[in-house]
Each structure stands twice: as C-alpha cells, then as structure tokens.
Amino acid sequence: MTNNVEKVLAGDVRTVARLIRDIDDRVPEVRETLKALYAHTGHAYVVGVTGAPGVGKSTLVDQMVAHLRKAVKTVGVLAVDPTSPFTGGAILGDRIRMQRHSLDEGVYIRSLATRGHFGGLTQSTRSAIDVLDAMGKDYILVETVGVGQDEVDVVKSAQTTIIVVIPGMGDDIQAIKAGILEVGDIFVINKADREGADKTLNELRQMIDMGQQKFREGKWIPPILKVEAVFDRGVAELLEAIEKHRAYLMESGGDQHLLRRTLRIREELAEMIKNRLVQEVLDQLIEGGEFERAVEAVLAGETDPYTASDNLVFSKLGRKK
Amino acid sequence: MVKERKLRVMVAKPGLDGHDRGARIIARAFRDAGFEVVYTGLHQTPESIVQAAIQEDVDMLGMSSLAGAHMYLFPEVVRLLREKGVEDIVVCGGGIIPDEDIQRLKEAGIAEIFTPGSKLDDIVKWVREHVKPRKA
C-alpha cells in the first residue's frame, strides 16, 4: 500500500491505471491508499465539460489538452461514457478524439463507464480525480454526458464547469437536465459555423440572465463562447475564460473558492456516509438471512415493504422510530 | 459485498488501413457480452496503442488489420508491451491474415488470431475462457 502511494506520487502510470481500476471495481483495500493520497491533493484545477451526446465534447477536450500542453501544463482527462443498462457493457469511444495525446507523457487519459450502481459514478470519479491530482496533474478535465443526476453531481465537483451546446438546439437546451444550467460557469456553442448560432446564443443569454437573478446575485456572469473545436477556433478564448473564472474564484481572498470547496467536501462526505451505511447494513442483512426472510414475508402477504424495511433498518441501527 | 471485476478490453486499429467496420462490430459484440470496451479509432501506431492499453488498464487488447501489415504491427505491439514490463494483457488479432502467418504470430506472443468467418459468439466465448479480469 505505501509502495502504491509512493508510486502514484511519483507519477507512475501503471500504478495509477491499476488504482483507478480498483476504485471502479470497488476493491475495499483502495480506501487505505486513497486516505494516504488525500493529503497530496488540492493542487490540480478541475474543469468539468458536459453536454448532450454529439455536441463535440471529446473534440473540444482534445483541443483544450493541446492548448494546455502548449502552456506546459500537465493534464489528466477522465472521459465518462454510459454503461448499457441491459448488458452491463459499455463502449468507451471518447478516446478516439484524443489518441494523438497518448504518447505525450504529460497527459493521462482514462475512460470510465457509468456502471449504474447507485452513487457509484460520482464517488469513483471523485476518487479518480483525487488520484490524478496526487500524481501531480496541473489540470484535470472531466467529460460527462449531461443527462443524469450522477453526471450533474460530477461536474458540480469541478472548479469550473463548461456546458457545451450546438446551434439549433434552441428549445432543446431545456432538455439539459434541470439544475445544470445553473451550474454552468462557461457556455460553449460548438460547431458555431452552423446556421442558428446567434439565435442559440441569444436564447442561452436570456435563460442564463433569468437564472442569474435567482441564483447568482450578479457576481460571475457566465460567458457564452462560439467555438469550432474541429478547426481549433475559439478554443484559446475558452481557455482564457477558464483562467478568468479561476481568478474570480481566487479574488477577494478566495471566498468563492472556499465556498466551492466547502460544498464539494459537504457533498462528498454525505455521499460517502450514505454509501458506507447502505453497504454495511445491506451486507449484514443479506448475510444474516433477514433480507430474504423479509422478501418472503412481503411475498406471502404477512407484511408490507414499508414495515419490513423500517424493522430491518432500525434493527441494525439499534433504535426505534 | 460481493466484488465483481468487470472485464475491460481494448479494440485497436493499427496501421494505415481505413476499414473499421469489423473492429466496430467486434466492439459492439464485446459490449453486448457485458465487457467495457475502449475503442481507439483508426490509424494507430503500435506505440500509441500500447500507451492507451496501459493508461486504460485493460485485460485484453484486440487488434484488427486488413491491409497486410500484421506481421510487423502485431508482434511490435507485443514487443513494446514486454519492454514496458507488461505481461498481463492478453493480445489477440483479427482480419485478413493468411494461414501461414498465424503460427508465426502465435510464436511472437499473439494469443489467438480470428480470421474472416469467425463467429462473434465464438470470439466472445474465447475471450471469456482465456481472459480473466485482474485479481484484487
């Protein structure tokens, strides 16, 4: 374990790759490694990139990596793709757009599948962020499809969140999971050479301004940038916008930064407690056979699932309602 | 809690040929078999494939070649993996590969070769039997 910690801190790719695999497969021993690594996190700047399928997130991330490398920054990329709920398999294809960076030792790219176990994505992605942070990456780009609550939670743990749309999405922007428009720090209209880019820009501006009054007290006004990622147009401006947002978080003594950190820690801790509790209690109930007995009791009409779950939970927590 | 190791595989297209229909179909079949499949896209060098396989920590690497360069590309990937001390990624290949090449490829460390006519079910079955997810 100590050996692993040292290797991660030294930036050893194989150890990092194996560790992220273990995190994903929920190997219990990784907790100790993560505990030891945590003290070495906090250096990386985390940027979340989200949007509907097909808007060009991977291509955009690829160009962002190229720009960051020109600025001599090291980069970690976590690209999340959905697991098929029917087979449990997944095709992880984000890498296709980024393979040109695979020989660059300053870049580590990792594909992750959502896997679909509750809270799993958020927690394992956060742990993977910690690992890349500890290995010394300056920037960590997290790419997710912005359709599920888990994905929204992931981008929320970024310091700067970029939401990518394309022209003509218009009303479809509404289809972006409610609550995600509010977490966008920067908006990108990709494929901006297509018809309707200005219309989309106006619609976005209106929607953001409406949200502004309610949620933001007029502090950071999210810029909306027109980008053509394939041709590397507008990407330099996007990176400038990220730096501006970073400076904003740090100004006035880093109040905003502290606020975000507190929020992240709060959510992270609550989720870990939740997962841990469920795991412990459910394991015990299954091992002790109470779980199956309750299933049969409900099946036989002897009780209802509400009463059964109350009884089971409180039997483990040692108190009555 | 019962820990389930998921099989992670990579499908790669080394070299210059631009035909990835077969690779995509294989990727899809692997996904439907419940594997996590990383696809690299076209025109990969042996070096970029090896780096990607290491970064993704896959259990198996499958390469497709239809342009006749397999006698260089496949063994080169195995050589680079060994050079980096990687012994636990099963490498196999597929595509238009003459019978007389197969034995030599196997001697070079390619675990299995699938040629046109191989059934998807048989390939998946072979992977299930010969590739095991990493031990904890």
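Trainee: Which residues have the most contacts inside the largest nonpolar core?
Mentor: The model is predicted, so local features need pLDDT of at least 70 and side-chain atom pairs count only at pLDDT 80 or more, while totals for chains, interfaces and linings use all residues. Residues are numbered from 1 along each chain as its sequence is written, and chains are lettered from A and ligands numbered from 1 in the order in which they are written. A nonpolar core joins buried Ala, Val, Leu, Ile, Met, Phe, Trp, Tyr and Cys residues through C-beta atoms within 7 Å, buried meaning 20 or more other C-beta atoms within 10 Å of a residue's own, with C-beta atoms placed from the backbone. The largest such core has 100 residues, and those with the most contacts are Val131(A), Leu141(A), Val142(A) and Val37(B).

Trainee: What is the bridge partner of Leu92(A) in S2(B)?
Mentor: S3(A) runs parallel to S2(B), and three bridges join them. For Leu92(A), the partner in S2(B) is Val38(B).

Trainee: Which residues cover the two faces of S2(B)?
Mentor: Both faces are covered, with buried residues on each. One side has Glu36(B) and Val38(B), and the other has Val37(B) and Tyr39(B).

Key
Buried ≥ 20, exposed ≤ 12 C-beta atoms within 10 Å, placed from the backbone. Helix = DSSP H or I, 4+ residues; strand = E, 2+ residues; numbered from the N terminus. Pairing = 2+ DSSP bridges.
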